[in-house]
Amino acid sequence: MAIDEDIPEDVLSEILSRLPVKFLLRFKSVSKYWYSLIQNPSFISLHHNRSPKNESFLVKRLVKSASGFALSLVSSETPILDLDIPFGGQPASCLHLCGSSNGVVCLSNSSTKIIMLCNPAMREFRLLPRSPLHTWHTSHLGFAFDPKTNDYKVLRVAARSECELMTFTFTFVDGRVEIYDMSTDTWREIVTVVPKEILQCTDNWREVPKEILQYSQHSCSTWLNGVFYWVAADRNGRGEIIAFRMSDELFERVFLPEDVRINPWSSLSILGDSLALVTVQFGSTGSCLEIWVRDGNGVKDPWNKRYGIGPILGHYDPLGFRQIGELLLWRGNVCKMVFYNLDSHTINEYGEVYDDLILVDQLHVLFYTVNLVSVRRRV
């Protein structure tokens with residue numbers, strides 16, 4: 001009797017849904033029945049709900065063995081794994097981590113303007129087609145799974161610039177927005193008004209005038225309840241949050257408390273089921289961090305100061321939260337990632353992720369949840 005007939009489907013699903021992805025990928029070759037079961041969307045959802053959340057993260061890091069950067073999958077259970085990204089031979093230093101959702105990661109290459117979706121656990125990649133606005137500068141990218149349409153979407157803000165011939169300086173004068181839908185593998189442009197702060201963006205914070213808002217170095221677009229969020233600040237501590245509501249396809253400005261001062265090292269993340277803003281101030285006694293949490297999804301919903309951390313000796317930059325109530329921090333003076341436990345107020349070093357001391361603005365991190373979602377194109 002075949003093994004397929006020995007085990008009822010619901011029992012087999014219960015057993016397999018508790019196993020790591022690396023084993024399930026091997027089990028797909030057991031039989032056509034097992035292959036079909038593991039590929040079934042209902043099974044993928046069941047497995048995802050039972051997988052540990054935020055136990056791994058992707059980090060763009062500097063390595064001595066290679067001539068530059070590598071994109072690595074970091075986990076507490078396995079050694080650091082450098083990923084072989086098929087970006088046409090371009091160095092990993094050109095890579096940007098744009099977002100992660102349900103185990104699918106969005107990457108972009110500033111040199112070639114390539115945008116890619118990948119599932120690191122399954123070693124699958126999908127190069128996105130060129131958009132109609134391919135020649136325009138990519139100002140910002142956002143990526144998330146949209147439960148309303150059951151689809152993965154990439155939001156791209158494209159900017160057009162004009163050059164001042166006398167000073168040879170560029171000014172962005174126009175912005176347009178397009179959305180990529182993975183289900184159709186196509187881009188579509190939408191009609192909306194783009195806030196001018198989004199267009200005034202360069203890759204180097206030091207080149208931005210003091211009066212111009214610039215987006216946080218470590219904060220990718222944060223997706224929550226159908227809304228993309230970006231945190232922006234100028235060098236004087238004036239800041240705001242820009243939101244893009246996917247259902248209405250419109251931009252909004254999110255109000256901040258008057259006494260909140262943010263800077264390029266501030267970070268947006270998700271704490272529990274709420275939007276969280278982590279602000280940081282550096283002083284002679286160390287780093288002081290505040291965690292502000294917003295209850296609700298409206299632009300005028302109030303913020304509440306949930307935690308105050310510090311001063312703690314050293315230079316710490318917030319990178320994001322784990323589901324188990326820990327804040328990931330980059331300790332720049334010793335090149336280590338550490339976790340700050342919000343309940344016990346203790347710091348645990350994760351270990352050296354960089355082999356060489358580098359500037360903190362070269363650090364990019366994305367929390368990653370292992371999943372069986374395939375990004376391959378269906379023929």
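User: Is strand 4 (residues 95-101) mostly covered or mostly exposed, and how many of its 7 residues are buried?

Analyst: Strands are DSSP runs of E, at least two residues, and helices are runs of H or I, at least four; both are numbered from the N terminus. Buried means under 20% relative accessible area, exposed over 50%, partly exposed in between (1.4 Å probe, protein chains only). Strand 4 is mostly covered, with 5 of its 7 residues buried. This is a predicted model: local features need pLDDT of at least 70, side-chain atom pairs need 80 or more, and totals for chains, interfaces and linings use all residues. Residues are numbered from 1 along each chain as its sequence is written, and side-chain values use heavy atoms, without hydrogens or water.

User: Which sense does the pairing of strand 4 and strand 5 have?

Analyst: Two strands pair if DSSP finds at least two bridges between them. Strand 4 and strand 5 (residues 104-109) are antiparallel, with 6 bridges. Ser 101 stands opposite Val 104 of strand 5. The two strands form a hairpin with 2 residues between them. In that turn, Asn 102 has a positive phi of about 55°.

User: Where is Asn 119, and is Asn 119 buried or exposed?

Analyst: Asn 119 lies in strand 6 (residues 115-119). Its relative accessible area is 0%, so Asn 119 is buried.

User: What does Asn 119 touch?

Analyst: Contact means heavy atoms within 4.5 Å. Leaving out residues up to four places away in sequence, Asn 119 touches several residues, including Gly 103, Glu 124 and Tyr 368. Val 373 is also touched; the Asn 119 side chain reaches the backbone oxygen of Val 373 at 2.7 Å.

User: How many helices and strands does the protein have?

Analyst: The protein has 6 helices and 25 strands. Of its 379 residues, 53% count as buried.

Terms used: A polar contact is a pair of N or O atoms within 3.5 Å; within protein, one must be able to donate a hydrogen and the other to accept it, and residues adjacent in sequence count only if both atoms are side-chain atoms.
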